[in-house]
Amino acid sequence: MLYIFDLGNVIVDIDFNRALGVWSNLSGAPLAQLQHNFAFDPIFEQHERGEITDREFAEAVCKTLQINLSYEQFTVGWQALFVGVRQDMLARMQSLRDAGERVVILSNTNQLHCEVWPTHYPEVIQAADAVYLSHQLKMRKPESRIYQAVLEKEGVSADQAVFFDDHPANIAAAEAIGITAVQVTGPETVAQWFSGRE
């Protein structure tokens, strides 16, 4: 089987409020204002597809949030959202590989974030056979083509894959092409899913 794991809030806990908090401190804008204005909008999606540069994204977000930050200040905030690794998930991934299964990561992400997590959490890279990232593939979940691309690169059919992700839309899109998909709602989800199949 091919086991496909999302990164954020599946393997590595992330919190966008951490980024907003840094930007609030640096800009003087109230955190509540930033929380109200921040959106996962088309600009956010373009950035995750690698269609716009990090600087273009930073400029657009600052405009949306109505804050005046340097690119360096923006970057400090944007890279602050990583909380920590779920060690039990890494152990699960490694045990699957030890059993001869194929384990890969499929993440919607961007270049700025990839300057952080592979360095801070090298054990994540080590726990996977391959890593597929949206900004490198020029496509993002829940677009069906990104799932098809991973299946093709891995040389498996949809019925030979299991996908773990925290977003309902990503789960639905994977299921629509025949992949077994499990919505991760907490740290215990994956363990519970596997225990039900032992």
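Me: Happy to look at this predicted model with you! By class, how many nonpolar, polar and charged residues does the lining of the largest cavity have?
Reply: The residues that line this cavity include Asn37, Asp41, Phe44 and Val61. Sorted by class, the lining of the largest cavity comes to two polar, one charged and seven nonpolar residues.

Me: Thanks! Which element gives the largest share of that cavity's lining?
Reply: Two elements, α3 and α4, each give two or more residues to the lining of the largest cavity. Among the lining residues are Phe57, Ala60, Val61 and Thr64, and helix α4 spans residues 54-65. The largest share is four residues, and the element they come from is α4.

Me: How many cavities of 30 Å³ or more are there, and what volume has the largest?
Reply: Rolling a probe the size of a water molecule over the atoms shows where empty space is left. Counted this way, there is one cavity of 30 Å³ or more. For the largest cavity, the volume is about 70 Å³.

Me: Let's stay with α4: why do its buried residues lie on the same side?
Reply: The buried residues of α4 are Asp54, Phe57, Ala58, Val61, Cys62 and Leu65. An α-helix has 3.6 residues a turn, so residues three or four places apart point the same way.

Me: What distance does α4 reach from its first C-alpha to its last?
Reply: Helix α4 has 12 residues, and at 1.5 Å a residue the expected reach is 16 Å. The model comes close to that, with a reach from first C-alpha to last of 16 Å.

Me: Where does Asn9 lie, and what is its relative accessible area?
Reply: Asn9 is not a glycine, yet its phi is positive, near 60°. Its place is the loop between β1 and β2. Asn9 is partly exposed, and its relative accessible area is 22%.

Me: Moving on to α11, which residue just after it takes a positive phi?
Reply: The buried residues of α11 are Ile146, Tyr147, Ala149, Val150, Leu151 and Glu154. What covers them includes β1, β4, β5, α10, β6 and α12. Just after α11, a positive phi of about 70° is found at Gly155.

Me: Finally, which element gives the most to the lining of the largest pocket?
Reply: The largest pocket has a volume of about 530 Å³. Of its 29 lining residues, those closest to the centre are Phe16, Phe44, Glu48, Asn108 and His167. Elements that give two or more residues to this lining are α1, α3 and α12. The most, three residues, comes from α3.

Terms used
Residues are numbered from 1 along each chain as its sequence is written. This is a predicted model: local features need pLDDT of at least 70, side-chain atom pairs count only at pLDDT 80 or more; totals for chains, interfaces and linings use all residues. Side-chain values use heavy atoms; hydrogens and water are left out. The expected span of a helix is 1.5 Å times one less than its number of residues. Buried means under 20% relative accessible area, exposed over 50%, partly exposed in between (1.4 Å probe, protein chains only). Contact means heavy atoms within 4.5 Å. On a 1 Å grid over the protein atoms alone, a cavity is a set of points where a 1.4 Å probe fits but cannot get out, and a pocket is an open set with protein on both sides within 12 Å along at least five of seven lines; lining residues have an atom within 4 Å of a point. Grid points are joined across faces, edges and corners, and a volume is the space filled by probe spheres set on the points. Ala, Val, Leu, Ile, Met, Phe, Trp, Tyr, Cys and Pro count as nonpolar, Asp, Glu, Lys and Arg as charged, and the others, Gly among them, as polar.
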